[in-house]
Each structure stands twice: as C-alpha cells, then as structure tokens.
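Please open the model in the viewer and keep the selection panel at hand.

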Amino acid sequence: MPAALAGIAAGAATLGVAEVLAAVWTRWLSSAGTSSPLLAVGGAFVDRTPPWLKDWAIETFGTADKLALGVGMGVTLTVACAALGLLTLRRRQLGAGLFGLVGVIGALAVLSRPASGVLDLIPTVVGVVVGVRVLTALRDRVAHMVDAAEPTRPPHPSATTSGGSSRRGVLLGAGGVAGLGVLGIAAGQVLSTAGRTVQRTAEALGLPTPTRTVSVPDGAASDVAGHSAYLTDNETFYRIDTALRVPRVEAEGWTLRVTGMVDEEIEISYADLLGEEHVEALVTLTCVSNQVGGDLVGNARWQGWPVRELLERAGVQPEADMVLSRSVDGWTAGTPIEALTDDRNALLAVAMNGEPLPAEHGYPVRMVVPGLYGYVSATKWVTELKVTRFDADEGYWTPRGWSARGPIKTASRIDVPRSGGELAPSGGEVTLAGVAWAQHRGIERVEVQVDDGDWQEATLLEEPTVDSWRLWTYAWPDASSGQHTARVRATDADGQTQTEDTAPPAPDGATGWHTVEFSVA
Ligand SMILES: Nc1nc2c(c(=O)[nH]1)N[C@H]1C(S)=C(S)[C@@H](COP(=O)(O)O)O[C@H]1N2
Ligand SMILES: [Mo]
C-alpha cells in the first residue's frame, strides 16, 4: 500500500511539473506544438483509434468522448504507477528504469505531435527527472519504514540506524506529494486555457453584411413540444473533432494558403476574407459516426465566402480531383473538387447563426460543404487548401478505416415520442414528429409506420433549401392506449428510399430505420 502510493505520488509529481511547465510553454512562450505529455499521449491515442473503437466510444459517450478518454487515461496511469511503485520496492533499479521508460514514451508522443519541436520536450523531461527522484526517495523511506501502528514490536534494526520513518509519516509524505502533483496537473490545464478566449464580437471583427441573406420561413419550424428546432443553437450544436484542447487561433494572425495543383499559390488573411462578398446559407452538418436516430447532426445559418471563388482565383489545374483542407492542428479532410466548385454553397464560414464562429466550431474560419459528412469536408480552424488528387493524398480518417468519399446518406429520426416515452392523446389522436435529411438532394417524402400497420405519409414542413434538414409531423388518428412501436423512413428527391438494412457508421455512414417504443396514455 505505501509502495503503491509512492508510485502514484511519483506519477503525479511527474505530470504536475510537466503540465505546469507545458502551460508556460503554450501560454507565455507561444509554442505551437504540444508540450503537455497528457495532451500528446491522448492525441497520439486518438490518432490510432480504429473505427470499431471510435464507433463504440461515440455510441457510448457521445460528445462526452473526450471526458471519457481523460478518465480512462487517469485510471490507467494510476494503476500503472501503483504497479511501478510496488515493483520499485522489490527491484529499485528496474522499477525506476521502467518509470523512466514510460517517460520516454510520453516524450516520443510529444515529438510526434504536429508542430512539436525539441523544446516542447523540456516539460516532460523535467517532469520525469523529478518523478524518478520522488519515486526512489519515497521507495527508500517505505523500505525503512517503522510500523508505528504496532508499537509493541521492536523496530527493525536498520530502521533505527538509517533514521527510519513512521508508516504514518511515509503515507502522509507520499499522499502530500500525490496531492500536490494532482494540483499541478489541474493548474496546468487551467493556466493554459483560462481566460484565453480569442473570440470577439461580430462588430469588433467587422463582419461584413452578406450580399445574399437567408431567413427561415415560419412554415419550416414546428411548435410540437420536444420537436427539433429548425435551427440548432450554437450552444447545443454537436461537437466532434480530434482536438483534445480547442485550438485558440487569433483572427489577426490567421491566414489561409491555397497550394498544390494550382496556377498560382495564394495566401489570404482574415481581413482579405472579410473584404470579399459574403453570402448566407442554411446547411445541416452531419457526422458520419451518427447512429440511426442519433444526435450528431445540427442545422445552422452560416455566413462566409464561397470556396469556389478562392479556388478560381488560384486557378485549379484540370487533373486535380480533390482538395485536402488542413486545420491548424494538422487534421485534414479530402473533399471532391466538384463539391467545392459547383454552384452549391460550399463556404469558408466565419459566422454561425449570426455570431462569429464559436471556438469549438472552428473560429476564426471553417469549411461548410452541403451534402458531405463532416469528416470529408467541414474542416474547423482551417489554414490550408491543398489542391490535389485522391490517388495522391488522403484525409485524416481515410487510412483509419473510413471511406475516402463521404456523401451524406438519406436519414430520418423520430424526435417525439422519445424511446420509452408516453404520449397523451387529444381527440383520440397523438402527434409524432421528427426530422429527415438528404442534404443537397432534398426530402421528398417521409413515412411513418405504427406497430405493423401500413406506412403512412407524414406531413412535411417547409423546406427553404435542399441543403438542410426537413421537419415532419404525423398525426396518428386512432391511437389506442398501451404499448406501441413506430418506425420512420424518408425518400429523397432522387426517389431513393432509405434502406431497412442496418449498417454501422464505419466506413461510410449508418443505415436502417429509426424505431422507437412508446406508450399511449
Ligand atoms: N480541425 C478539425 N475539423 C474537423 C474535425 C476535426 O477533428 N478537426 N472533425 C470533423 C467532423 S468528423 C465533423 S462531424 C465536423 C463537426 O463539426 P462541429 O463540431 O462544428 O459540429 O467537424 C469536422 N471538422
Ligand atoms: Mo464526424
């Protein structure tokens, strides 16, 4: 027990020192790399996530996936440090050596992160040196410990000669170091993020008035309780990305480079971008990891400059068929060039629902492309567009088991009733409600089946654009009290009806009909 605690104290001391130093590096030395060993190891882990694990994590934890990763890392590290502490008590050199080896793995993770340099190693190295010293010092005290709890037993001879400490004293010491270490870890996180909002208001940024604005017609929104709002609030909009810490990018320093198969490589600043003619568009984003009936989908009003105008300026060479967009943190998406150059509203977006992009959603600039899953199009914190070919480059998720191309599959969801929910009939009738999407094609029909009855057509609300989802309601006329099952399926404007065959999200999006069990009072 004291030996295990010594190991934990050494681990906490290592990370406490490293995380505080890393905060100094990020914040005051403005290192662009990842100097925090925790972020680096977490990031390296995310980069190696196989599709089945990503699916499982998102299915189980949803958008709390990052929190789950943090808790998982904490538990793993605590157990590993305790084991190393116990080992060190028996084999002093071996234990300390293995502890150092774990440190080396952390250092390698730091070096493997985009933009990390040798200087980013310093916090981890200093932390590990401190940790090894804590480990060996505490280990020696544990070895020479006098069991103060049993005063009747004569002390071990070596304990008296080498100034042995009491069990209580050793436990307190190790516990104190562990506590300080944890404080250091927490302080590191707070120091590197607190008060570091880079965002400013639309007025301060001087966002231009779009030359083409859009508004949501009354007939597109619903007043059924529990039904999705036509526009999703920025605060509740789903967030999916690989960034363990939200990148803080200043609008002033931001630039976007167009490189690769172009007549002329160009670079624009944020001020250049604001100087162009902006348009607004309603676009529903969807994550390929969304399960049937899931909530990794949201609809917003985006403002920005059409990507095709920037590409036109650079002059895309005819052999190019893909644009690899890259984020500040190295993440990439491979988008078919026609989706960026045809007449759809593929935007370099600066605003979301009338506000500058929230940091979590890509401030200062992100891509928004109607009709494609986010992983192949919606690059947040975008800094480079490399014009290239699918046979020469691949986006982040492609070598990780996801399809290179990701058109959004037609989908529909029942919002009301929730699974397991209860509906109260009014005049013998209950109302079911939901959403359906087939971005850039449009929704032609939604049908609902209650129990094993015939498929019935739902009422479609207005569809201001084919790039967004469409709300629907269905009034079930002769609702009988008791348990029921409802299913939904949508047909897109090409006449394709959703398949009943179920498929998991990987490699190119889930399929199947959303089904809910509910009761009528
Ligand atoms: N830089 C960056 N951009 C990214 C991602 C990412 O991991 N990093 N994830 C993409 C994925 S998988 C999706 S579904 C959308 C989600 O956008 P949102 O978080 O604004 O909803 O962002 C895309 N853009
Ligand atoms: Mo996604």
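The stops below begin at the ligand and end at a salt bridge.

The model is predicted. Begin by selecting ligand 1 together with its surroundings: 18 residues surround ligand 1, and the closest include Tyr238, Thr242, His361, Arg366 and Lys380. Colouring this shell by residue class gives eight nonpolar, five polar and five charged residues.

Next, display the polar contacts of the ligand. Select serine 327, where a polar side-chain atom lies 3.1 Å from a nitrogen atom of ligand 1. Move to tryptophan 331; here a polar side-chain atom is 3.3 Å from an oxygen atom of the ligand. Then select alanine 378, and show the backbone: one of its polar backbone atoms is 3.0 Å from a nitrogen atom of ligand 1. On its own, ligand 1 has 530 Å² of accessible area, and the protein covers 99% of that area.

Leave the ligand now and turn to charged pairs. Side chains of opposite charge can pair when their charged atoms come close. The structure holds 21 salt bridges. For one of them, select arginine 200 and glutamate 252, whose side chains meet at 2.7 Å, N to O.

Note on methods:
Residues are numbered from 1 along each chain as its sequence is written. Chains are lettered from A and ligands numbered from 1 in the order in which they are written. This is a predicted model: local features need pLDDT of at least 70, side-chain atom pairs count only at pLDDT 80 or more; totals for chains, interfaces and linings use all residues. Side-chain values use heavy atoms; hydrogens and water are left out. A residue is near a molecule or strand if one of its heavy atoms lies within 4 Å of it. A polar contact is a pair of N or O atoms within 3.5 Å; within protein, one must be able to donate a hydrogen and the other to accept it, and residues adjacent in sequence count only if both atoms are side-chain atoms. Accessible areas come from the Shrake-Rupley method with a 1.4 Å probe; for residues, only the protein chains shown count as cover. Ala, Val, Leu, Ile, Met, Phe, Trp, Tyr, Cys and Pro count as nonpolar, Asp, Glu, Lys and Arg as charged, and the others, Gly among them, as polar. A salt bridge is a side-chain nitrogen of Lys or Arg within 4 Å of a carboxyl oxygen of Asp or Glu.
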